[in-house]
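Thanks for coming, everyone. I have one structure to walk through today. Please bring it up on your screens.

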Amino acid sequence: MNLTVLNNSLIEHKVSLIRNKETGTKEFREIISEISTLLCYEAMKDAKLEEVEIETPICKTTAKILKEDNYAFVPILRAGTGMLDGLLNVIPNAKIGHIGLYRNEETLTPVKYYYKMPKDINEREAIVLDPMLATGGSACDTIKCLKNDGVKKIKFLCIIAAKPGIERLQKEHPDVDIFAAKVDEYLNENGYIIPGLGDAGDRIFGTK
């Protein structure tokens, strides 16, 4: 399976806080960022490191470092940008691309309206960000666009993933690793995750 779920008591606690409809915008935004940082640590377990010589206060030694310029974060607008700061806390020199998708409320399918990627995106590992993996439509379309640009290695990070979205993403892009803080069982008739946490974009930006 290419799915990793953060199994941690602190994550469980944090997810419970953002599920609560009484949690305010500031706290919701901060917790999304915190969880995103932890997701990034998990997603970077297989990162390749380069050996360099450094000097500690005691002596010279060989150390391993990450070449941050090899990575690009791709938040799906607009909710994905709420995860961005959490990842930039860990890899501040990663490049950033954006893709804008909105959901057709009748068909529930994503419609692309914006796409801007860093130079040489095909030479970077792309990490796609979206708090909610619901139907999987936006995730699959984003990954397809990146593959069309020649990106070879892609990971998908989300806060809540629904099983239908996971199944679709695994079917259409079995080579993409999925990292989630929590998995929920199903979607309602409007395509929202149950129990979920509502509209992540609205709650991050305080627009409802």
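**A walk through the model**

Let's start with Asp202, which is found in helix α6, residues 200–205. Bear in mind that this is a predicted model.

Is Asp202 buried or exposed? Asp202 is buried, with a relative accessible area of 10%. The cut-off for buried is under 20%, so Asp202, at 10%, qualifies. What does its side chain meet there? It makes a polar contact with the side chain of Arg78, at 2.5 Å. Set aside the neighbours within four places in sequence, and Asp202 is in contact with Arg78, Thr207 and Lys208.

Next, helix α1, residues 9–19. At its start, a side-chain oxygen of Asn8 comes to within 2.7 Å of the backbone nitrogen of Leu10. Further along, Ile11, Lys14, Val15 and Ile18 of α1 are buried. Why do they line one face of the helix? Look down the axis of α1: its buried residues fall within an arc of 100°, so one face is what they line. An α-helix has 3.6 residues a turn, so residues three or four places apart point the same way.

What do the buried residues of α1 pack against? Their partners are α2 (25–43), β10 (154–162), β11 (177–184) and α6. So we are back at α6, the helix that holds Asp202.

On to the nonpolar cores. The largest one has 35 residues. Inside it, Leu157 and Ile159 have the most contacts. Which elements supply at least two residues each? They are α1, α2, β4 (71–77), α3 (81–88), β8 (125–129), β10, β11 and α6. The largest share comes from α2, with seven residues.

Beyond four places in sequence, the residues in contact with Ile159 include Ile18, Ile32, Ile35, Leu39, Met83 and Ala180. Ser36, Asp130, Pro131 and Lys182 are also among them.

Now charges. How many salt bridges does the structure hold? The structure holds 15.

Number one: Lys45 with Glu42, where the closest N and O atoms are 3.2 Å apart. Lys45 counts as exposed, at 65% relative accessibility. Glu42 is partly exposed, at 22%.

Number two: the side chains of Lys153 and Glu125 meet at 3.8 Å, N to O. Lys153 lies in the loop between α4 (137–148) and β10, and Glu125 lies in strand β8, so the pair ties together parts that are 28 residues apart in sequence. Lys153 counts as partly exposed, at 36% relative accessibility. Glu125 is buried, with a relative accessible area of 10%.

Arg168 is partly exposed, at 32%. Glu172 counts as partly exposed as well, at 40%.

One last item. Salt bridges that share partners join Asp46, Glu125, Lys153 and Lys155 into one network.

Definitions and conventions. Residues are numbered from 1 along each chain as its sequence is written. This is a predicted model: local features need pLDDT of at least 70, side-chain atom pairs count only at pLDDT 80 or more; totals for chains, interfaces and linings use all residues. Side-chain values use heavy atoms; hydrogens and water are left out. Helices (H or I, at least four residues) and strands (E, at least two) are DSSP runs, numbered from the N terminus. Buried means under 20% relative accessible area, exposed over 50%, partly exposed in between (1.4 Å probe, protein chains only). A polar contact is a pair of N or O atoms within 3.5 Å; within protein, one must be able to donate a hydrogen and the other to accept it, and residues adjacent in sequence count only if both atoms are side-chain atoms. Contact means heavy atoms within 4.5 Å. The arc is that of the directions from the helix axis to the C-beta atoms. A nonpolar core is a set of buried Ala, Val, Leu, Ile, Met, Phe, Trp, Tyr and Cys residues joined through side-chain atoms within 4.5 Å. A salt bridge is a side-chain nitrogen of Lys or Arg within 4 Å of a carboxyl oxygen of Asp or Glu.
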